[in-house]
Amino acid sequence: MEPNRTRRPRAPLPGSLRADVCIVGAGYTGLWTAYYLKKAAPQLRVVILEQRFAGYGASGRNGGWLTNAVTGGRGQYVKTHGREAAALFQTHMNETVDEVIRVATLEGIDADIVKGGEFTVAYDAPQQSRLIAEVRSEQSWSMTDVELLSAKEATDRINVVGTTGASWHPHCARIQPAKLASGLASVVEALGVEIYEDTRVSEILPHRAVTERGTVEADFVVRATEGFTAGLKNLHRAWLPMNSSLIATEPLSASMTSKTVAMMLIDLGITRTHSRPRVSNDNPFSEAQFKTLKYVPDFPHHFNSLAEAQAFCEGFFIEYNHHSGIGWHTPASVHFGTHHAIDQQRTITLNRAFNEHPERFARRPRPPQIRTEVWINEPAKETPQTIDANVETV
Ligand SMILES: Cc1cc2nc3c(=O)[nH]c(=O)nc-3n(C[C@H](O)[C@H](O)[C@H](O)COP(=O)(O)OP(=O)(O)OC[C@H]3O[C@@H](n4cnc5c(N)ncnc54)[C@H](O)[C@@H]3O)c2cc1C
């Protein structure tokens, strides 16, 4: 089958009619349902009503992974149905990948299918340990067929820069989703299924699908509307659509696809260190000061000489070494007791300012006091306890 590059619109519903089965929605769910129904019972009149065109929903524009993955994980089914049922489910998921390929081949649907399996790469130590844990867990289920690959085995298959290891399993193919949906639509049509496009169903009632163009009555009405379900009458609270988006662009230019400098350095065999730069005496205090220094408003763009830098830093450190927690004294001043004289000098200065302009102050200013106690977690104050006891007298 030639790829369907220009979509051929299908006619809308011509008016009310009767069918054996009416399917609402021409995505994978609706189309595969129609396919297997017609294969099983060719005499059935099967009608598909589609609001836009076949493959308009996620089926025509998904990520193209034809995979055996159990959405949401196998664990939830182990909880609800037990391990044996979950294993059977996984086996059916594996078989479904091959079934899609089988039908596409049989029916001549060209959906660019390539079954290369699923390859997951780790390229740092935490990823590698997660990868190993994941593989061990998967390998406890025999039907997952997951293999752990060394860095060499992995890069021999696909050379991803910095690979430390990988996992691989065979149950995955890549497809072109729109081609699969449109190809499947053509196949079911050829089997006698009627597809009416541009026909929005407003309400699904027992044995009836209601549209502006007429009502289809049927023994069975299959709702295959997935994320659009909330748009149907009385179902707006039954379904919560979640958003998942992919962006398709024109081929990206070199500036968009070229590597970052970090990746280029890795290519050249230069690996990054994540340790902090070493400073003169490499202690956190000098590093903290260095950081603070840079945020001082008058920190110059550059110093013209070492002497100029030293002079600037001297002024900075004199200022920086005064700490609010010890009354804006330096630790050395408190340690050697010179802060008393400094406080007296500050008191004289503040008194003079107050006496000259008392109107500028709410109260007489005093130098900040040094705390006599400091706690990280102050314990609750103990309160005297009343002892309730039986007292015996002898
Ligand atoms: C971005 C994205 C990426 C994905 N990637 C993958 C992937 O890589 N692999 C994978 O396995 N799955 C993937 N999925 C999920 C997968 O595509 C969907 O689970 C699947 O296509 C659902 O098929 P469906 O037929 O149930 O729904 P849909 O494809 O949404 O089809 C529903 C159809 O019903 C029609 N419809 C809705 N309401 C009405 C109405 N009232 N009247 C008439 N017609 C109506 C819509 O127009 C639509 O055509 C992805 C999904 C998204 C969104």
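Mentor: One term before we start: a residue counts as buried if 20 or more other C-beta atoms lie within 10 Å of its own. Also keep in mind that this is a predicted model.

Trainee: Okay, then how many residues of strand 6 are buried?
Mentor: 4 of the 5 residues in strand 6, which spans 165-169, are buried, so that strand is mostly covered.

Trainee: And which sheet is it in, in what order do the strands come?
Mentor: An open sheet of 3 strands, ordered 4-6-5, with antiparallel pairing. Strand 4 and strand 5 are at its edges with a single partner strand each, so one side of each has no neighbour in the sheet. On average, neighbouring strands here are turned by 25° against each other, ignoring direction.

Trainee: How many bridges hold strand 4 to strand 6?
Mentor: There are 5 bridges between strand 4 (residues 118-122) and strand 6, in the antiparallel sense. In one spot, threonine 120 has serine 167 of strand 6 as its bridge partner.

Trainee: What about strand 5 and strand 6, how many bridges there?
Mentor: Strand 5, residues 147-150, runs antiparallel to strand 6 and is joined to it by 4 bridges. Leucine 149 has alanine 166 in strand 6 as its bridge partner.

Trainee: Which helix lies across those strands?
Mentor: Helix 4, residues 125-139, lies across strand 4, strand 5 and strand 6, and it runs at about 30° to strand 6.

Trainee: Switching topic: what domains is the protein divided into?
Mentor: Domain 1 covers 17-62 + 176-231, domain 2 is 118-169, domain 3 is 284-320 and domain 4 is 324-360. The centres of domain 1 and domain 3, taken over C-alpha atoms, are 73 Å apart.

Trainee: Now the ligand. Which residues come nearest?
Mentor: Gly25, Gly27, Gly57, Asn62 and Gly63 do, out of 32 residues around the ligand. By class, that shell has 12 nonpolar, 16 polar and 4 charged residues.

Trainee: Which element gives the most to the shell?
Mentor: Helix 1, with 3 residues. Both helix 1 (28-40) and strand 3 (65-67) supply at least two residues each.

Trainee: Last one: what's the phi of glutamate 226?
Mentor: Glutamate 226 has a positive phi of about 35°, although it is not a glycine. Most residues other than glycine have a negative phi. Glutamate 226 sits in the loop between strand 11 and helix 7 (254-257), and it is partly exposed, with 16 other C-beta atoms within 10 Å.

Trainee: And asparagine 234, where is that?
Mentor: Asparagine 234 is also in the loop between strand 11 and helix 7. Its phi is positive too, about 70°, and it is not a glycine. Asparagine 234 has 9 C-beta neighbours inside 10 Å, so it counts as exposed.

Technical notes
Residues are numbered from 1 along each chain as its sequence is written. This is a predicted model: local features need pLDDT of at least 70, side-chain atom pairs count only at pLDDT 80 or more; totals for chains, interfaces and linings use all residues. A residue is near a molecule or strand if its C-beta atom, placed from the backbone, lies within 6 Å of it. Ala, Val, Leu, Ile, Met, Phe, Trp, Tyr, Cys and Pro count as nonpolar, Asp, Glu, Lys and Arg as charged, and the others, Gly among them, as polar. A residue is buried if 20 or more other C-beta atoms lie within 10 Å of its own, exposed if 12 or fewer, and partly exposed in between; C-beta atoms are placed from the backbone. Two strands pair if DSSP finds at least two bridges between them. Domain bounds come from an automatic or database domain assignment. Axes are lines fitted to C-alpha atoms, for helices over the stretch in contact, and angles run from 0 to 180 degrees between N-to-C directions. Two residues are in contact if their C-beta atoms, placed from the backbone, lie within 7 Å.
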